[in-house]
Amino acid sequence: MATGSVAPAGAHPLYDAVHNRRLLERESEITAAFAAIEPALKEAAALQYENGAADRIQQLVRARLGFELPAFCLRSSWVKPLNMRGLYAYSVFQTFRQLADRNFDRSYADLSEGEPADEVIRKWGFHAIDITPCADGRLSGVVDYILRVPPAVVVHRKSFAGSIFDVEESVRCWEQIELRRHREGWPNAASAPTRYLKIGVFHFSSSHPNHEGCAAHGSDERKAAQALLERLSDFARAIENSHCCGASVATLLVGVDTDTDAIKVHVPDARGETSLTRYIDNRMLFERTANLARDEAKEAIRLAVAECADVSPDDAVTEGMRWFCAYLLKKNMAQIDYVRAYHDGCYADLGHTERFITVGDSFDDVQMRNLAYQAQMETIEEGAADMDVGIKIFRKVNMAHDLPIPAFIYFRYDGRVPGARDRALARCRRLTSAIEVRYPELVREGWLYTYGTVKNLVPGSKLEDIDVLAAPDGRRQVCGCNKSESEQ
């Protein structure tokens, strides 16, 4: 993996050296943190039968991983060795927790050509962006890396298997934003001629299209795109049918090649309609503009978007959406160059290498490709299919290598609302229990471990651990140890 902030030789004219360097530093830090777990625990396992093992292991883990293991989980004997699977899961949880508290700077995308990006995007006619990617871990960096949309305008981001989102929930999110526009004038006045933009993101594999595409759609790219397009259409019609006064939203269909992070943007036409066969393949556009000057490349992108929409480059009706599509393409070109510079143009791990499953609310503060499979839900009933896909993936990713499945349950709450924290805790515990009931054999045999936390929405808040048990018998802790017996 190359390093440095200077654009590499042969880089695209839209290469963003400073931004790419910062993203690389973040990726390197996250990767190194998780990579340190297995070697440290292997050394710890070798120490468990020696005199003073607990203290030596604690010292080792503290020095190598930066946290301590639960003391009662380090009590072993020659007939009862340490539960290394449980300690591995606990280490994954604590590593992620430390990274979450690290508070990575996500403001890199806040400027567009020197102007505040959120203001520019509002000029293009959009006051809020809602992004729905697939739950697949290869899209774990869709906001900060692949699309590079400024967090300031992303009001909602939730992942679903196959990107098949809940229409009613999306309508409620739209209603919340529109209510704030009417009551508070945020993010702009309700009278402003802007719209809410819903972006649906599906994915495919250019190297192995029949095997490394979206599992929820049998690696069938067209099927994945068609299903998501129908869901986007359902959402737009739901807004128009249930609210008066010409209420409407904009929708955009985007595909991601998870091998290279190059996107396909299905540019809407003059009537705002989207077609599966009408799109811009950014990898091809990248090659076409690679030898141009920077301003020439930007103009070529603008013209390509107009041609795809089948409108004049100065068409006023479609101007805002066309500018936004060009913005995504331009930003993604920097990501294509990022993958070329630091991953030889194509990721070595074409498939799944996720570290854990995250369940509950979306978590965007720590982003990186293949960081986590994202099964966002409030109840196991609504997300059973998503969770089943995640478990299936981790049977191959972890269990096949004798590693457990760590499941991180996370919910946000608004500390200004009375009782909000207690309700978040209750949701967390309820979902944890439901997961354990759904997969009893995995829990009983020490393959599935859960860890719950909540977080206040107030800026600067940190994750708060809660006492979520790893088995419904109410005895085993997250490391898998029987605390009630070990403390006797």
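Student: Over which ring does the charged end of K198 sit?

Tutor: In this predicted model, the charged end of K198 lies over the ring of F165, 4.2 Å from the ring centre. A second case involves R85, whose charged end sits over the ring of W447 at 3.5 Å from its centre.

Student: How is a pair of aromatic rings described?

Tutor: Two quantities are used for such a pair: the distance of the centres and the angle of the planes. The count here comes to 19 aromatic pairs. One of them joins Y196 and F235, with 6.4 Å from centre to centre and 50° between the planes, and it is classed as tilted. Y196 belongs to strand β5 (residues 195-204) and F235 to helix α8 (residues 221-242), so the pair ties together parts 39 residues apart in sequence. Both residues, Y196 and F235, are buried.

Student: Which residues do ring pairs link into a cluster?

Tutor: The cluster consists of F34, F93, F96, F356, F363, F408, Y410 and Y451.

Student: How should I read salt bridges, and how many are there?

Tutor: The count is 30 salt bridges. For each, consider the N to O distance, the positions in the chain and the accessibility of the partners. D118 and R122 meet at 3.8 Å, N to O. The two residues are four apart in helix α5 (residues 117-123), and therefore about one helical turn separates them. D118 is partly exposed, at 22% relative accessibility, and R122 is likewise partly exposed at 22%.

Student: Which partner does R157 have, and where do the two residues lie?

Tutor: R157 forms a salt bridge with D364, the closest N and O atoms being 2.7 Å apart. This pair links distant parts of the chain, 207 residues apart: R157 is in strand β4 (residues 154-157), and D364 is in the loop between β9 (356-360) and β10 (372-376). R157 and D364 are both buried.

Student: Are D414 and R416 buried or exposed?

Tutor: D414 is buried because its relative accessible area, 17%, falls under the 20% limit. R416, at 71%, counts as exposed because the limit there is over 50%. Their salt bridge has its closest N and O atoms 2.7 Å apart.

Student: What does I435 contact, beyond its neighbours within four places in sequence?

Tutor: Its contacts are V359, I380, M387, I409 and L448. I435 lies in helix α13 (residues 420-438) and is buried, with a relative accessible area of 0%.

Notes: Residues numbered from 1 in each chain as written. Predicted model: local features only at pLDDT ≥ 70, side-chain atom pairs only at ≥ 80, totals over all residues. Heavy atoms only, no water. Phe/Tyr/Trp six-rings, centres within 6.5 Å; stacked < 30°, edge-to-face > 60°. Buried < 20%, exposed > 50% of the residue type's maximum accessible area, 1.4 Å probe, protein only. Lys NZ or Arg CZ within 6 Å of the ring centre and 35° of its normal. Contact = heavy atoms within 4.5 Å. Salt bridge = Lys/Arg side-chain N within 4 Å of Asp/Glu carboxyl O.
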